Amino acid sequence: MKFSVFTASTPEWTPEEAAATLAAQGWDGIEWRITDQEPAAEPGFWAGNRSTWALTGLEKVLARIAAVTSAAGLEYSGIGGYVRCDNHDDVERILAATAHLGAGQVRIVVLPLGASAMGGEPTGRDYRDLFAETREHFAWVAERSSFHGVKALVELHHQTVTSSPSSALRLLEGLDPNHVGVIHDLGNLVVEGGEESLAGLQLLGDYLAHVHVKNAAWRQLPGTGAESAWKHEWSTLRGGIADVPRYFGALAAVGYDGWVTVEDFSTELPLAERTADNLTYLRSLVQPC
């Protein structure tokens, strides 16, 4: 099992700082965030993130991405893309970029249900129609992934058509698992789509391609009675609802020995302390061979 960090969770660092710091801490790899983002006065996870590469002009910076990664001695756990499956031109570009870098696999975003999901304004459409359309797009994506010799990944993500292992399997079933697969995301399943970890991993079978680890908890907002509401908040790996040690036991039970990528959006610790502590914690959960 190898460990990496998704740079959505390292907004304060430049690419060079992110790669050098993570390598010095002992991480095996890095998962670069690639998307066009809004500027921000202060760097944040989703806007003004300094360790994000822009999708616009991506081809012109591939040599720099490769140089920064190799200079630190890091591997790619994959590419953290935000291109939606219905944007065929940009899907083609990011698949080609993944192949050029030798990164192996890249996230392709499925159609959203609403504005809180990646890439999404509310659609107002029937889930069944969205799902069928996404399936058609991914049949095309699988063909193009095969052409480029890479794998396109579907993430289990709240407010999309694939919030659960069951829905992701239904989306991809019958497509070539050598070229499409699923990112099992423990933290996202706290928000929506939660299925028992071992059962979900077993269900995915050959489509289990990658693992993201973060954690979350539900907090009650101020108000009483009908005005009371609940909201999820990202937590430390140790502090959320999801049982991370039990999850690693489930990964071991299905024989998963691939990449585990951390995307910790908690802010209790300074960034460098947070990444170092996460690596120490995760390594403690892996049973020696």
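The following dialogue examines how terms are applied to side chains in a predicted model.

Trainee: What limits apply to a predicted model such as this one?

Mentor: In this predicted model, local features need pLDDT of at least 70 and side-chain atom pairs count only at pLDDT 80 or more, whereas totals for chains, interfaces and linings use all residues. Residues are numbered from 1 along each chain as its sequence is written, and side-chain values use heavy atoms, with hydrogens and water left out.

Trainee: Why is the pair of Tyr-247 and Phe-248 called edge-to-face?

Mentor: Rings of Phe, Tyr and Trp (its six-membered ring) pair if their centres lie within 6.5 Å; planes under 30 degrees apart count as stacked, over 60 as edge-to-face and the rest as tilted. For Tyr-247 and Phe-248 the centres are 6.3 Å apart and the planes are at 85°, so the pair is edge-to-face. A search of the whole structure finds eight aromatic pairs. Phe-45, Trp-46, Trp-234 and Phe-265 form one aromatic cluster.

Trainee: How do you know whether Tyr-247 is buried or exposed?

Mentor: Buried means under 20% relative accessible area, exposed over 50%, and partly exposed in between (1.4 Å probe, protein chains only). Tyr-247 has 1% and is therefore buried; Phe-248, at 4%, is buried too.

Trainee: What makes Arg-144 a charge over the ring of Phe-147?

Mentor: The rule requires NZ of Lys or CZ of Arg within 6 Å of the ring centre and within 35 degrees of the ring normal. The charged end of Arg-144 sits over the ring of Phe-147 at 4.3 Å from its centre. Arg-170 lies over the face of Phe-131, with 4.2 Å to the ring centre.

Trainee: Why is the pairing of Arg-64 and Glu-16 called a salt bridge?

Mentor: A salt bridge is a side-chain nitrogen of Lys or Arg within 4 Å of a carboxyl oxygen of Asp or Glu. Arg-64 and Glu-16 meet at 2.8 Å, N to O, and therefore qualify. The pair links distant parts of the chain, with Arg-64 in helix H2 and Glu-16 in helix H1, 48 residues apart. Arg-64, at 40% relative accessible area, is partly exposed, as is Glu-16 at 36%.

Trainee: What makes Glu-233 and Arg-219 a link between parts of the chain?

Mentor: Their side chains meet in a salt bridge of 3.4 Å, N to O. Glu-233 lies in strand S10 (residues 230-235) and Arg-219 in strand S9 (residues 215-220), so the pair ties together parts that are 14 residues apart in sequence. Glu-233 is partly exposed at 36%, and Arg-219 is partly exposed at 38%.

Notes:
Helix = DSSP H or I, 4+ residues; strand = E, 2+ residues; numbered from the N terminus.
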